[in-house]
Amino acid sequence: MPLISRAKALSTLAPVQLTREVFGNVPEWARTTFYLLAAAAVGVWLYGIARRVRIWRQGRREVPGINRILAVERVVRDVILQRRIWGRGAASLAHVLLFGGFVILFIGTTLISIEHLAASALGRKPNDPVFHKGLYFGVYEFIMDAAGVALITGCLMFLIRRWHSRGSFARSPADVAVLLSLLAIGITGFLIEGLRIIHAQTPLPGVSPIGYACAAGFVRIGVTQASAGQIHLALWWTHAFLALAFIAWMPYARLLHSIAGAINLAIRDHAPGVMSPVSIEEVEASGKIGAATLADFSYRQLIELDACVSCGRCEDACPAFEAGKPLSPRNVVQDLAAVMHREGTHQNLHGQAIAAETLWSCTTCGACADVCPLGISPMRMITDMRRYLIGEGSLRGSPAAALQKTDRSGNPWGLAPSDRMAWAAGLDLPLASEKRQFEILYWVGCAAAYDRRVQKVARSFVRLLQAAKVDFAVLGAEERCTGESARRIGDELLFQQLAEQNVVTMGRRGVRRIVAHCPHCVNSLSNDYPQVGGQFEVQHHSQLLAELIEQGRLRPLDSGAADGPSITYHDPCYLARVKGVTEAPRSVLSAAVNESALLPIVELPRNRRQTSCCGAGGGRMWFDDALAQRVGQGRVREIADSGANTVAVSCPFCLIMLGDGLAGTPKVEVRDIAELLAEAVLGPESLKHGAAAHSPPSGEQSKNSNGNR
Ligand code: SF4
Ligand code: SF4
């Protein structure tokens, strides 16, 4: 009977009769050989994994350990549902198709093996399966066909992308070989299904549509039932050999990422803005600080190295790479992984695998860790290695001078601690040491204390707090630098010294709640300070101002303006990406610009969590770059191209960096949201009085002109 007619006849079968012979047309000797080869492949796989685990275990153990409940949640969310993969259009779809298809086919093949072993153990006849029949069989076959299509489609999409695109993902021959192998496994799977259908005369178009289509194609080119059996056996061996070789190969190729990546996604512990804790006791006992070798990384970081697929997402998002600095986060991870594979974990990394200039280029903006689909943090590897460089005294020039000034004077400007309150002349500011009882501590920060441009932000914010009758105080001369820049440059000892001083001071003054206008201070006080015993409730000024507006305690005046200049908002990395605060500053801005007059706010192409760095984070503020070489020039162009007349910011570093960058674009003004709100609530005149007459003159210079201030 022709195949098509037979298909019509078989389509009337009752569900319970639906089945097929497992290992049909495969002789007994071939089945035995297959199982022996499968055992060998699993053995090679296990050996490869054991080797990797032995290397991973050479990393430092970390406290806290693995959070098991969180790990299970992440397996579901990030591994099975692939949540971190979504958001990159065709690339995301290709990965989900390939991953989903592969996993389903793997599970399906395992089920077939279980069926075969169970049937053999129970002495069943070839056409009397244990569970591989009826409705289960129908659903199984259909899902396996769909998974095969998904796998092939995913492979083709990746291959086409690699062929045509100029994107930054990996194009090594090994990567292409992996894709071609998977493609061959998928295609041979359908071909042997088609040949088996002809040979066993079991066409089921509704159950195995692709297999049936292949069978129909073979019939059309003259394949008979007899010849189908011979071709089937040859192709079956090809398919089986490819699949088993693929399994054995996994731990030795980029495919390892599927195992290391899944483990890393489940157990990673680097929350945004949180750095690896350092025990000074351990440093004193070992005489070592930071990462000199891979053995100084945590075991999680060594897993990260094997998890990286070299997709280049981190590189695409890196502002230092964009600015032409000698830093690609992808290369950092790949170079470290190459050292691990080639030389083990005890080779010194500095100067050989990773250049110091690469490490100093990072602004710790967090974009790389945020976009990595495998949950890898190149940034954390960089800051761990920076700690070693600082311990070796390798930092020179303006950033080293800033650290020395911070150590000597409690601020990177190196100005007198007694001048810390000069900015507040005439403001009648309550000091924590005098007031004793207050609700909120306003953490002023070094930039507002010593930089004349930022002082205007602090004055505006204080005026707003006073207008809203907020019960607050400041530490005044008792405040020291948070140590945020020092820590991110790599000077952990200086950070801990400053943080401990500040924690003791705030404990003495009964501080529980803090507001700061600097996102770097906010992050340090909320994420760094718990590691040295400081637990506070910390808010950014945008959050408090939004609350006060909401409560009706700050009401913008009706300016009566019919129109006004267009305005845009630049999200600071440490506020938007690290702390996740994106809407509070926009609410403040909406109120400040008196909606009808200035709205809509022009959104920059990269906004909110996808913002782009101004270039000052990670201690880069203190590097003496010429303006054109600074990280963040791309962001400056983006702002200039937006057509806005005002760019609102909510970070003193962004204010300085963008102010310098836009100095040659006089039509664009850079202003903090507090300044705009103070003008709207208190009137333009409010900002003109009481400028920081006693502030040190050097604080007025821009970063560009101030060099190593
Ligand atoms: S670190 Fe992550 S984002 Fe960067 S190349 Fe590796 S896998 Fe891709
Ligand atoms: S933290 Fe930012 S600057 Fe540093 S490597 Fe990552 S993306 Fe690049």
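Helix 30 (residues 673–682) is largely enclosed by the rest of the structure, because eight of its 10 residues are buried. Buried here means under 20% relative accessible area, exposed means over 50%, and partly exposed is in between (1.4 Å probe, protein chains only). Helices (H or I, at least four residues) and strands (E, at least two) are DSSP runs, numbered from the N terminus.

This is a predicted model, in which local features need pLDDT of at least 70 and side-chain atom pairs count only at pLDDT 80 or more, while totals for chains, interfaces and linings use all residues. Residues are numbered from 1 along each chain as its sequence is written, chains are lettered from A and ligands numbered from 1 in the order in which they are written, and side-chain values use heavy atoms, with hydrogens and water left out.

**The protein as a whole**

- The protein has 709 residues, and 55% of them count as buried.
- Its secondary structure comes to 31 helices and eight strands.
- Along its principal axes, the C-alpha trace spans about 100 × 65 × 45 Å.
- Taking contacts between residues at least 6 apart in sequence, 80% join residues at least 24 apart, where contact means heavy atoms within 4.5 Å.

**Helix 30 and its cover**

- The buried residues of helix 30 are Ile673, Ala674, Glu675, Leu676, Leu677, Ala678, Ala680 and Val681.
- Among the helices that cover these buried residues are helix 21 (452–467), helix 25 (541–550) and helix 27 (583–592).
- Strands take part in the cover too, including strand 5 (567–569), strand 7 (646–649) and strand 8 (669–672).

**Ligand 1**

- Around ligand 1 you will find Cys308, Val309, Ser310, Cys311, Gly312, Arg313, Cys314, Arg330, Cys372, Pro373 and Ile376; a residue is near a molecule if one of its heavy atoms lies within 4 Å of it.
- This shell divides into seven nonpolar, two polar and two charged residues.
- For these classes, Ala, Val, Leu, Ile, Met, Phe, Trp, Tyr, Cys and Pro count as nonpolar, Asp, Glu, Lys and Arg as charged, and the others, Gly among them, as polar.
- The space that ligand 1 takes is the second largest cavity.
- A cavity is a set of points, on a 1 Å grid over the protein atoms alone, where a 1.4 Å probe fits but cannot get out, and a molecule sits in one if more than half of its atoms lie within 2 Å of its grid points.

**Ligand 2**

- Ligand 2 has 13 residues around it, of which Cys318, Cys362, Cys365, Gly366 and Cys368 come nearest.
- Helix 16 (367–371) and helix 17 (378–391) each supply at least two residues of this shell.
- By class, the shell around ligand 2 has 10 nonpolar and three polar residues, with no charged ones.

**Buried residues in helices**

- Threonine 358 sits in helix 15 (residues 356–360) and is buried, at 13% relative accessible area.
- Leaving out residues up to four places away in sequence, threonine 358 touches Pro326, Leu327 and Val332.
- Alanine 150 lies in helix 5 and is buried as well, with a relative accessible area of 15%.
- Threonine 406 belongs to helix 18 (residues 397–409) and counts as buried at 4% relative accessibility.
- Beyond its neighbours within four places in sequence, threonine 406 is in contact with Asn411, Pro412, Cys481, Leu494 and Leu498.

**Residues in loops**

- Glutamine 82, in the loop between helix 3 (68–80) and helix 4, has a positive phi of about 55° although it is not a glycine.
- Glutamine 82 is buried, with a relative accessible area of 6%.
- Threonine 364, in the loop between helix 15 and helix 16, also has a positive phi, of about 50°, without being a glycine.
- Threonine 364 counts as buried at 1% relative accessibility.
- Proline 126, in the loop between helix 4 (90–121) and helix 5 (134–164), counts as exposed at 54% relative accessibility.
- From proline 126 to phenylalanine 23 is 8.7 Å, C-alpha to C-alpha, across 103 residues of sequence.

Notes. On a 1 Å grid over the protein atoms alone, a cavity is a set of points where a 1.4 Å probe fits but cannot get out, and a pocket is an open set with protein on both sides within 12 Å along at least five of seven lines; lining residues have an atom within 4 Å of a point.
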